[in-house]
Structures are given as C-alpha cells and as structure tokens.
Amino acid sequence: AQPDFFTSDLIDAHAQALFRLGSALALSGGAAQAQPLLLRAWAMHWEFPEAPMLLGYLAYTQGRFEEAGRLYSLAARLLDELLARASQFRALPAVTGGIRRMSAEALMHQGAVAEKLGRLEEAQRFFQASLAREPRAQTHYNLAVLFWNRDWPRVEAELQAALRLEPGHPEAARTLQRLKQKR
C-alpha cells in the first residue's frame, strides 16, 4: 500500500535504525528496553529475520525456551524464503552466503532450544541441518555436548571437527582436554 519506492526505503531505514538501537540496548543489558524496539522494527519490516533472531536470543537468555524456539523457527522460515528468493533472482554469492550463514545459525539455536527442552533427537536434527547449511565450530561443539555421556567416540569426533574449523575455540579445546583426562 506504499505509493512509491521512496516510502518503502524510508520504512526500511526506520526499521533498521530501530533494530540497531534495540541491538545495542540488548547487548548492553537493557533487554526490557530492547524488546519493544525490536518488535517495532520487525512489525515495520516483517521479512526482517534479524529481529526474531535477537528476540529469540533474549527469550533464551531469560529461560523462556518455548518462546525462543518459536522465534528462532520464524527466523529460520524467513531465512529459507530469503534463500529461495536469492536463488530465484540469482543473487551474488556473497549475498547468498550471508543468508546461508544466518540460516545455519538459526537452525543451531533451534537445536540448543530443543536440547534445553529435553528433545534430544530434535536437537540433533537441527544441529545436523545447521551443519548442512554451513559447517560451524559451535554447532559441532553443541553436538559434542549433546552426546556427552552417551557416545564418547562421537563426542571426540565433534570436538575435533570444531577445532579443525576454529582452532581457537576455547570450549572445544577445554572439553577435548577434559575428555582425554577422563579416559
């Protein structure tokens, strides 16, 4: 219902500004002040996956795991739609790669939420889907944690994969050392 493309650009710029302000507040400990700004940004630009991603993170850190899961799921769907459009319009590889990275992150977070809720098979599926989108050290580390006390060879393999991708990953290095001491 916008009369010209300038209006659309202004709305998008306003949504981006609200998101940046909300992000700054959220990351500096002002989650309560950030949430309404992030919701407004998302309402103005509903195809904007960054807003539900950050809202999901805020819900997760506050222990509202069901809500975090819903928000991460919405972000993942928006990112899937963006990936499809990027393919349809033959977007540059850098654009598609950025969307794919964010999609992998959303799937990884969905796995972390499923794990917190005790849905271990679902968590594993999300982590595997994330790795299929883009291999990430943190996702391999999360899989290692998921298999802790259940499958020691798998734990070691996931920790080693994490360290191959990110040699300085501190949790993976510490956990692999702990695993070796345990043996």
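The buried residues of helix H7 are Ala137, Thr139, His140, Tyr141, Asn142, Leu143, Ala144, Leu146 and Phe147. Buried means under 20% relative accessible area, exposed means over 50%, and partly exposed lies in between, for a 1.4 Å probe and protein chains only. H7 spans residues 137-147 and is mostly covered, with nine of its 11 residues buried. Helices are DSSP runs of H or I with at least four residues, strands are runs of E with at least two, and both are numbered from the N terminus. The buried residues of H7 pack against helix H5 (93-116), helix H6 (120-133), H8 and H9. Contact here means heavy atoms within 4.5 Å.

This is a predicted model, in which local features need pLDDT of at least 70 and side-chain atom pairs count only at pLDDT 80 or more, while totals for chains, interfaces and linings use all residues. Residues are numbered from 1 along each chain as its sequence is written, and side-chain values use heavy atoms, with hydrogens and water left out.

**Helices H8 and H9**

Helix H8 (residues 152-165) packs against helix H9 (residues 170-182) at an angle of about 145°, and their axes are 9 Å apart. Axes are lines fitted to C-alpha atoms, for helices over the stretch in contact, and angles run from 0 to 180 degrees between N-to-C directions. On the H8 side, the contact includes Trp152, Val155 and Leu159; on the H9 side, it includes Ala172, Leu176 and Lys182. By type, the residues of this contact are nine nonpolar, two polar and two charged. Ala, Val, Leu, Ile, Met, Phe, Trp, Tyr, Cys and Pro count as nonpolar, Asp, Glu, Lys and Arg as charged, and the others, Gly among them, as polar.

**The nonpolar cores**

A nonpolar core is a set of buried Ala, Val, Leu, Ile, Met, Phe, Trp, Tyr and Cys residues joined through side-chain atoms within 4.5 Å. The largest one has 28 residues, of which Phe19, Leu38, Trp42 and Leu58 touch the most other members. H1, H2, H3, helix H4 (65-88) and H5 each supply at least two residues of this core. H4 gives the most, with nine residues. A second, separate core of 21 residues includes Ala123, Leu131, Ala137 and Trp148.

**Aromatic pairs**

The whole structure holds three aromatic pairs. Rings of Phe, Tyr and Trp (its six-membered ring) pair if their centres lie within 6.5 Å; planes under 30 degrees apart count as stacked, over 60 as edge-to-face and the rest as tilted. Two of the pairs are tabulated here.

| Pair | Centre to centre | Between planes |
|---|---|---|
| Phenylalanine 19 and phenylalanine 48 | 5.0 Å | 80° |
| Tyrosine 60 and phenylalanine 65 | 5.2 Å | 70° |

Phenylalanine 19 sits in helix H1 (residues 5-27), while phenylalanine 48 sits in the loop between helix H2 (31-44) and helix H3 (50-61), 29 residues apart. Phenylalanine 19 is buried, at 14% relative accessible area. Phenylalanine 48 is buried too, at 4%. Not counting residues up to four places away in sequence, phenylalanine 19 touches Leu38, Ala41, Phe48, Glu50, Ala51 and Leu54. Tyrosine 60 is partly exposed, at 24%.

**Positive phi**

Where is arginine 90? Arginine 90 lies in the loop between H4 and H5. Its phi is near 50°, a positive value in a residue other than glycine. Arginine 90 is exposed, at 75% relative accessibility. Asparagine 149 is in the loop between H7 and H8, with phi near 70°. Asparagine 149 counts as exposed, at 55%.
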